[in-house]
Amino acid sequence: MSDPVTTRPLKHMGDLDYSVVQQCMHCGMCLPSCPTYLETRQERNSPRGRIALMRAIADGDLEVTREFGEEMYYCLGCLACTTACPAGVDYPQLFEHARAEIEHQGVLFTPGRRFWRWLTLRQIFAKPWMLHAIGRMLWFYQASGLCALVRKSGLLRLLPEYLRNLEPSTPAVRRHFSAELIAELESPNFRKSRVGMLTGCVQDLTFSEVNRDTVEVLLANGCEVITPRDQGCCGSLHAHNGDLDQAVIQAKRIMDQFDLDSLDAIITNAAGCGSHLKHFSNLLKHDPDYADKAVIWDGKVRDISEWLVSIGFRKPEGNSISQKVTYHEACHLCHGQGISRQPREVLRAIPGLDLVELENATHCCGSAGVYNITQPEQAAKLQKEKIACIQRTGATLVATANPGCHLQIQNGIGSMAEVKHPVSLLAEAYRAERSSVSVE
Amino acid sequence: MKESLNVFSTDSPGYLRLSSIVGAENILSRPEDLIPYGFDGTAALKESAVCVVLPRTADVVAGVIRFAAAEKIPVVTRGSGTGLSGGSVPVKGGIVLCLVHLNRILEVDPANLTMLCESGVITKAVDDAALPHGLFYPPDPGSMKISTIGGNVANNSGGLRGLKYGVTRDYVMGIEVVLPSGETAWLGSKCVKDVAGYSMKDLFIGSEGTLGVITKVLLKLVPRPKARRTLLASFDTMEAAARTVSKIIEKQIIPCTLEFLDRKTCKSVEAYAKVGLPTEAAAVVLMETDGHASVVEEEAAAMAVIARENGAISVEQAADEAHAVRLATARRSAFSALARIRPTTILEDVTVPRSRLVDIVSFVEEVAIRHRLDIATFGHFGDGNVHPTILTDETDHEEMERVHEALSEIVDKTIALGGTITGEHGVGLAKKAFLPRQFDEASYSLLKQVKRAIDPQGLLNPGKIFDLDGADS
């Protein structure tokens with residue numbers, strides 16, 4: 001009955017201003033937006049319930065327990081509650097600090113968990129060379145036919161069940177990563193602005209062509225693009241998973257690679273990264289060397305659709321893609337960054353594309369970072385609901401702007417529809433326009 | 001774990017008996033499970049229950065009540081916990097009976113214009129189920145997207161459409177209620193006219209869970225209005241806004257909504273909802289009329305004229321139906337949006353006869369200045385129901401003393417104006433101390449006599465509305 005409790009002083013939750021917790025006046029407006037509350041109808045699985053637990057911890061009425069730890073990892077971090085919250089509670093900050101505290105206190109500790117966290121957060125996603133090396137190996141495994149051989153051989157049965165179930169959904173790693181597709185400096189014919197390009201980590205390995213498409217679209221709209229080499233992870237993965245210390249290191253590293261003064265904007269095309277990248281000032285507010293720079297940084301980070309609409313991007317001509325498309329809103333774009341209108345504007349600008357609205361477009365697809373690995377059951381339920389909604393639209397194309405959602409939806413829908421980033425569709429339309437001109 | 005959390009041990013005989021009734025999977029007793037049930041939507045009220053029980057059927061509800069009666073354990077019934085008077089805050093040492101799983105709509109009867117549903121159905125789901133039949137369930141409390149219909153009935157909730165359509169009570173034709181003895185009673189019928197015996201259902205409507213546990217509700221539905229017009233008028237004084245509302249009613253126009261928001265409220269709501277509310281005007285009145293298209297046009301035009309005659313700076317019409325819905329939704333978020341300003345948001349619910357609106361609104365302004373408090377005011381002006389909201393910090397004891405002084409003065413003024421201390425939120429814990437000021441001795445004692453007659457052991461939601469102390473018995 002009683003959980004093992006620790007008596008270590010609060011480190012990360014102690015850093016939080018009490019007013020952030022107090023901001024929640026528990027009116028309950030968040031409840032109908034929360035996927036986990038709707039699943040169980042239990043208050044602890046709701047945003048205000050989780051905040052009540054954090055407040056109890058801050059008040060000294062509750063220790064950081066294993067139960068609390070499990071609750072905070074049952075939360076998807078989809079941030080639908082922040083859109084629903086009239087009181088403006090900063091749930092992302094509460095969520096990240098709570099998870100960091102859970103890790104600090106070690107209430108979820110198992111030797112296996114510690115190993116996997118060390119390997120992923122402190123090695124693979126902390127060191128760009130290692131991520132690339134792993135990417136190369138995965139590419140070889142998938143492209144060489146070894147993967148098919150292993151599947152056929154039954155060797156996979158040696159893996160634990162949850163890993164075995166995940167194996168088929170391993171993303172297909174691209175042969176060429178972003179740095180091979182994008183030069184460090186690419187200039188348009190007539191330069192109107194100068195932007196930095198973030199290539200991401202997962203995006204870099206599994207969707208490097210989306211990065212290429214992003215650069216092409218930027219060039220087509222008069223933006224000179226600077227793409228630093230070996231960028232690595234921005235730390236979003238670390239912050240969302242309770243490793244704020246490493247998130248700070250990653251944030252500084254990525255900031256160091258851009259000459260902020262010379263850039264009009266820093267462009268990201270992955271929603272999960274964008275919603276983290278825009279809040280470096282919060283992460284680094286106590287850092288004497290980076291606090292000021294982080295404020296400038298936050299002001300320059302733009303999602304690609306947001307940027308394109310703000311500069312009045314050029315609409316392609318011709319009739320390149322005659323398909324029905326629907327748009328799934330990545331949580332960290334619509335809830336995390338408040339960007340809903342702009343990706344639709346990009347899609348509507350593409351001639352021939354018929355945009356049909358998706359029922360519950362802002363509901364989480366269950367990908368939620370690594371949620372589909374840590375909570376496969378709940379993730380699968382959300383995926384199923386999402387796919388059913390997509391099928392009702394009759395669309396053969398699904399547009400979404402986050403690699404996690406992209407994979408989750410493509411895995412769920414199979415060959416019935418193709419998933420694309422809106423910027424890739426725009427790039428395709430520009431390309432079609434150019435080829436039709438050259439044919440004429 | 002801290003002792004004060006009073007964990008209901010899973011090997012105690014009481015727990016075992018209870019779990020044989022509801023099933024162990026439907027009982028929550030760990031501190032991490034209980035803490036989130038320690039409050040409702042009211043600021044600064046918190047208590048811990050011994051356990052939370054989540055029954056799936058009305059029969060199980062009756063079983064839980066029989067168990068509680070035998071064990072003499074108090075029971076607090078709740079739905080989604082969005083109440084604004086502390087009515088569903090747990091009682092120390094008691095059980096919380098949460099009915100959110102009783103969420104089936106049992107029947108829509110278009111021939112009789114009724115709907116039968118379980119009490120845990122979400123209010124908005126009631127109206128959504130009426131829609132395909134061309135029918136309408138008008139009561140729309142601010143929390144309608146998550147509040148339960150049982151909670152609405154138990155609190156006789158109001159909403160934005162009270163002026164024309166009335167409140168929850170006006171739509172309840174029958175209820176199934178589990179009595180404190182554990183027996184189940186059906187009160188009311190599908191008949192439009194029914195005077196058989198006392199109107200017992202009316203006793204339970206608004207009883208705040210102190211007399212019985214409502215498990216089913218038979219609701220009256222009305223034809224869905226064909227047309228709707230929404231206007232937004234801005235004023236540079238609160239008095240001009242209040243005067244406009246009084247004039248509209250005096251001219252015998254009864255729109256469905258006449259909502260008022262002061263500048264602070266407009267700013268907070270606009271920061272959240274971004275629907276184009278004027279943020280510089282001293283007061284804004286949201287007016288909505290619905291019904292037949294020609295009547296709606298006529299009323300909208302007449303209201304616009306009255307607003308201009310009474311000093312409106314501008315009168316705008318909602319661009320389309322979607323914009324009108326966004327405006328009403330934004331207004332519903334007013335209370336929560338005000339929480340942006342200060343850590344603690346204390347909401348009042350005083351109501352006066354409509355002709356006295358100007359008096360109460362100017363009194364609240366004066367009180368705010370005198371006690372150096374930040375008070376935002378919004379409310380259902382058409383109903384005379386205002387929500388002065390004190391923006392404060394519960395950890396600042398000196399300021400909280402001034403808050404209590406101010407509340408007390410607002411209550412006294414309301415009563416002096418012939419008003420009531422609560423128009424739609426209920427008494428619960430938050431307004432319990434003020435109730436004797438409004439009631440004369442005979443009516444206050446009548447409340448207690450009724451309570452003792454129906455719940456002699458005092459097990460259902462004890463200590464809410466009033467205290468049953470030994471001195472009165």
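**Exercise 1.** In this predicted model, find what share of the contacts in chain B with a separation of 6 or more comes from residues 24 or more positions apart.

*Solution.* Take the contacts in chain B whose separation is 6 or more, then keep those between residues 24 or more positions apart; they account for 72%. For the contents of the chain, list the secondary structure: chain B has 16 helices and 18 strands.

**Exercise 2.** Decide whether the radius of gyration of chain B agrees or disagrees with that of a compact globule.

*Solution.* Start from the length, 473 residues. The rule, 2.2 Å times the number of residues to the power 0.38, puts a compact globule near 23 Å. Chain B has 23 Å, so the two agree. Along the principal axes, the C-alpha atoms of chain B fill a box of roughly 70 × 60 × 45 Å. Of its 473 residues, 53% count as buried.

**Exercise 3.** Compare the span of helix α9 of chain A with the expected value, and say what follows the helix.

*Solution.* α9(A) covers residues 128-143, 16 residues. At 1.5 Å a residue, 22 Å is expected. From first C-alpha to last, the helix reaches 22 Å, close to that value. After α9(A) comes A:G145, with a positive phi near 95°.

Technical notes: Residues are numbered from 1 along each chain as its sequence is written. Chains are lettered from A and ligands numbered from 1 in the order in which they are written. This is a predicted model: local features need pLDDT of at least 70, side-chain atom pairs count only at pLDDT 80 or more; totals for chains, interfaces and linings use all residues. Helices (H or I, at least four residues) and strands (E, at least two) are DSSP runs, numbered from the N terminus. The expected span of a helix is 1.5 Å times one less than its number of residues. A residue is buried if 20 or more other C-beta atoms lie within 10 Å of its own, exposed if 12 or fewer, and partly exposed in between; C-beta atoms are placed from the backbone. Two residues are in contact if their C-beta atoms, placed from the backbone, lie within 7 Å.
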